[in-house]
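Please look over the sequence and the model before reading on.

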Amino acid sequence: MRRYGEYKLSRSTNMANSHNGTKESQNTLAKQLPISVMVEAKLTATELKYRLESNQPNLTIVDIRAPKSFDREHIKGAISVPFSRLEDLAQSSLTHHRNIYIYGESDEQSLHGLQILLSTGFINVAQIIGGLTTWREIAGGTEGIGI
């Protein structure tokens, strides 16, 4: 997963003066790390396919398209969290410590979904570039009633 980020501290407690190299000051410094993290992360379909084929654990694929589109066809193993309900359902449907890969009707929709998840406290989130269309092009596995 490629990440491009900007970190912002929400607390300013004179970090420069508190860091003197001791374990205690390092713990203090760690407690002052960002609460608000802005990250733009992108993942290609090929990279995701490699992760799945390598049995790399700790990931969730989220399809934010309309439920009918999800039912018709989706990336194998993906869960449906419709864009219109993403903010409401994210906390109850997703786990913060897992890597979340998101796709939608378009890259613009999935980017907006990624931003919603980041704003609700998820930090391990990446957009699947090209979504289902690109996934099909690389012969990624799909499932649904339209297949």
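What percentage of the 147 residues of the chain count as buried? The share is 34%, where buried means under 20% relative accessible area and exposed over 50%, with a 1.4 Å probe and protein chains only. The model is predicted, so local features need pLDDT of at least 70, side-chain atom pairs count only at pLDDT 80 or more, and totals for chains, interfaces and linings use all residues. Residues are numbered from 1 along each chain as its sequence is written, and side-chain values use heavy atoms, without hydrogens and water.

The chain contains 7 helices and 8 strands; these are DSSP runs numbered from the N terminus, helices being H or I of at least four residues and strands E of at least two.

Helix 3 spans residues 45-53. Its residues are sorted below.

| Group in helix 3 | Residues |
|---|---|
| Buried | A45, L48, R51 |
| Exposed, on the other side | T46, Y50, E53 |

The buried residues of helix 3 lie within an arc of 120 degrees seen down the axis, and therefore line one face; the arc is taken from the directions from the helix axis to the C-beta atoms. N55 follows helix 3 and has a positive phi, near 55 degrees.

The largest nonpolar core has 15 residues, among which L48, I61, I75, Y101, Y103 and I128 touch the most other members. Such a core is a set of buried Ala, Val, Leu, Ile, Met, Phe, Trp, Tyr and Cys residues joined through side-chain atoms within 4.5 Å. Elements giving two or more residues to this core include helix 3, strand 2 (36-43) and helix 7 (131-137). A second, separate core of 14 residues includes I64, L86, I102 and F122.
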